[in-house]
Number of protein chains: 2
Amino acid sequence: MKFEAVTIKDIAKALGISTSTVSRALRDSHEISPETKQLVLDCAEKLNYRPNPIALSLKERRSRSIGVVVCEIANNFFSQVINGIESIAYDRGYNVIISQTRESYDREVIDLQYLASRSVDGLLISLSTETNDLNHIKSLHNKGLPIVFFDRITEEINTHKVIVDNFRGAYDATEHLLRNGHRKIGVLTNSEFLSITHERVAGYKEALIRNGIKVDENYIQHCFYGGMIFEEIEDAVNKLFTQKNKPDAIFATGDKLTTGCLKTLKRRGVKVPDDISVVGFSNTDIAELIDPPLTVVRQPAFEMGKAATELLLQLIESKRPIKDFEKRIMTPELQIRESSIRKMETVE
Amino acid sequence: MKFEAVTIKDIAKALGISTSTVSRALRDSHEISPETKQLVLDCAEKLNYRPNPIALSLKERRSRSIGVVVCEIANNFFSQVINGIESIAYDRGYNVIISQTRESYDREVIDLQYLASRSVDGLLISLSTETNDLNHIKSLHNKGLPIVFFDRITEEINTHKVIVDNFRGAYDATEHLLRNGHRKIGVLTNSEFLSITHERVAGYKEALIRNGIKVDENYIQHCFYGGMIFEEIEDAVNKLFTQKNKPDAIFATGDKLTTGCLKTLKRRGVKVPDDISVVGFSNTDIAELIDPPLTVVRQPAFEMGKAATELLLQLIESKRPIKDFEKRIMTPELQIRESSIRKMETVE
DNA sequence: TTTATTTACGCAATCGTTCCCGAAAACGAT
DNA sequence: ATCGTTTTCGGGAACGATTGCGTAAATAAA
C-alpha cells in the first residue's frame, strides 16, 4: 500500500552530499562543479529519480496544471475541444484536469473551488446553463488566477475569450433555409443565460429581417438544459408543432438539441426534409450517416481548444500582468447535406 | 499573479493560538475545549478557509484523486464510462484525472508515470492498442498502487477487472445475422494485442461453428488503430470486398470501426442492408437516426465506470492488502434495428 | 494540603523541494 | 605571505498541514 518514491534525499545520502547540492545539480545551476553535477545526474538516472510534483506545487505555488470546466464531455464539441486543449498543454508540460458541471451551477461552484484549491495555474471555462451569478468566478479572477473563457462566455469578466462566430453560423444556416424556400423557421435553442443563445438567435433574426420576414417569437423555443433532458426537446418540438402556422424548418442551436430534435421528429413519424427541414449546430462525426444526411453548422472545436490554451498559457507565463485582452472569433462551417434541401419533386 | 489562500496559520495568528490547536479543532479532535473549537470554526468560516489539498497530499502521501487512462474521450463508450466513474468518485470525495493515450504505447507510459508521480491513489486503466509490454504497469502494481482494469484488460496482472461479456455480445450479434439468413459474415476488429479483440472474435467464431459454418480467416480483418485512422477501415473493407466470396454481412467490434465501416460503404454506394448487413459494437446515442437505423451491441458503459470505481475505492480504502480479485462481467445488449435485417421483398 | 490524573494546548518534526545565506577552499593579485 | 574574489557546497528555513510528545493548569482523589 505504501509507495516509496526515490527522493532527492536518497541521492544525497548515496553520494554523501547535501540535498541543496543535489537540487542545484538537477536544476543545472551554475554554482555547481561539472564533476558533482555529472555524479548527481548519473545517480539520479540510476535510481530512476523523478521529482515529486506535489512537493514542487507546495513550494512553488504552481502546479503546472490547468483546469477545464465544461458541462459534459460526452458531447462531440467538447470532447474535440478537449483534444485541442491537450494537444497544446501536453507539449508545454502542463497537465489537464477536466471537470464536468452537467449544466449545474452548484457543481460549477464546487468544481471551481476544487480546482483552485488544487492550485491549478489557470482555468479554461465554458459556463454551465444554470450559471447566472458569476461571483464564484469573479473572486478567483480578482485574486489573479488566469482564466480564459471559450464557447459559453460572459462579458462581465474581462479576460481572453475564444468563440466561434455564432452570429454568422446562425445567420448562414438560416439564410440557407430561406434560400431553399423555407419561410417559417422554428428555432430550438439553449437557456437564455448563455452567450451562445443570444448570438445564435440574433444571427437567426437578422437573416429573417434582411429577407423581409417578420420574427415570430413563438417560433423560438428555449430548452433550459440544452437537451440534456430529452423531454425538454419533445416539449419544445410540440410547442412548435401546435403553432397555428406550423414551421416548415427547424434550426437547432446545439449538438444535443439537433439530435434530440431529429429523434423527436422520427418518433412522431415526421419526414425530414419532406415534411420539415432541419439544420443544427453539431460536431458529430457521423452527420453524413444520418437519415437524411444532416446539414450542420460545424465549429472548429479542436482549433478552439488549441487557441484557448495558447492564450491561457500566455497569461500564465507572462511576467507582468496582462491588461489587453483578446476575443478570438473563429469561423464556423456550414456543411450542407440533404436534411435541409426541400425535394422539389415531392408532391402531396 | 499570486494567489494568496487562507491557511491554518492565518487562523492561528488571528486567534493568538498555535497551528496545532487550529488543526485539531478543525479535525474535531477530542483534546480541544469546546470553546476553542467553536472559536476556530467560526474564524475559519469567516476567513473562508479551505484546507490545501497539496499540502495534505505531501503530508499524507495520498491525494484523494484517481487517474483514468483511456485511449480517447471523444468516443461514446469511454465518455460514458467516465461519467460513471465521476458519479461515484465525486460522491466519495475523490477527484478524477483523465488522460488520453490516443492508442499510443509511449503516451501510455508517460501518462502513467505522470499520474503516479502525481500521487494518485489508484488507477483505472483501459489499455491502448499499441500496448504489448506491460512492465510500466506491473512496476506500479508491484509497488502497491491499486489498479483496476476495464474494457481492455490483461491477464498478466492480477487485480480487479470490469468488462462486458464480449464473447456473448459478439456471439449474439453473429447469431442474429445468421438467423437473418447471412452466411458470409465479415469481421472488422481491433488490434490483436487487445483482450476485447480475442473475446469478440471468439464469440463470432463460436456462433459460426455452432451453426455449422466454417470459419474463414480471410473474413477477419484487423484494424491496428481500431479505426482512429480512417484509411485503415477503408483498406479493411476493401479486403473484405475483394474476397472471391464477398461477405453478405459485416460485424464491427468497435464504435469507430462501426461508424467508419458505414461511412466507407456509403461512399462506395453500397446499400445497407440491401447489399450487405451491418452490426457493430457501439454506444452512440443516435443509432436510431442512422440510415438505416443501426443494429448495435451496446455496452452498459456508465455502469462499467461505476463498478470499476467502486472496486478501485474498495482497494484504496482497504486496511489490509486484498488478494482476492474479482472479474466483474456485465451484460451487453443487442439492440436490433434495420441495418441487419435483410429485406425479403427486395429482388434484384 | 498533597499527590495523581485529566484536560488543553504548544513545540517541533515531517512530507520533498527550493533557495537564501554563510562559509570553506581554491585561486589570483599584490 | 596576505588579502580579496570566486567557486562550490552545506545548513536551515519555508511551503501548509498533521501529530507524537511534553507540559502547565485544572480537576479529582487521598
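1. Of the atoms of DNA strand D within 4 Å of the protein in this predicted model, 57% belong to sugar or phosphate, and the remainder to bases.

2. Polar side-chain atoms of chain B approach phosphate oxygens of DNA strand D at 2.9 Å for B:Lys9 and at 2.8 Å for B:Tyr49, whereas an N or O atom in the side chain of B:Ser20 is 3.5 Å from a base oxygen. Helices H2 (19–26) and H4 (53–60) of chain A, with H1 (8–15), H2 (19–26) and H4 (53–60) of chain B, each give two or more residues to this surface.

3. Between the protein chains, the contact (heavy atoms within 4.5 Å) takes 56 residues from chain A and 56 residues from chain B. The buried area, that is, the accessible area (1.4 Å probe) lost on putting the two parts together and summed over both, is about 5,300 Å², with carbon and sulfur atoms giving 57%.

4. Two salt bridges (a side-chain nitrogen of Lys or Arg within 4 Å of a carboxyl oxygen of Asp or Glu) are found across the interface of chain A and chain B. In one that involves B:Glu288 and A:Arg267, the closest N and O atoms are 2.7 Å apart.

5. Local features need pLDDT of at least 70 and side-chain atom pairs pLDDT 80 or more, while totals for chains, interfaces and linings use all residues. Side-chain values use heavy atoms, without hydrogens and water, residues are numbered from 1 along each chain as its sequence is written, and chains are lettered from A and ligands numbered from 1 in the order in which they are written.

Definitions and conventions
Near = heavy atom within 4 Å. Polar contact = N/O pair within 3.5 Å; in protein donor to acceptor, adjacent residues only side chain to side chain. Helix = DSSP H or I, 4+ residues; strand = E, 2+ residues; numbered from the N terminus.
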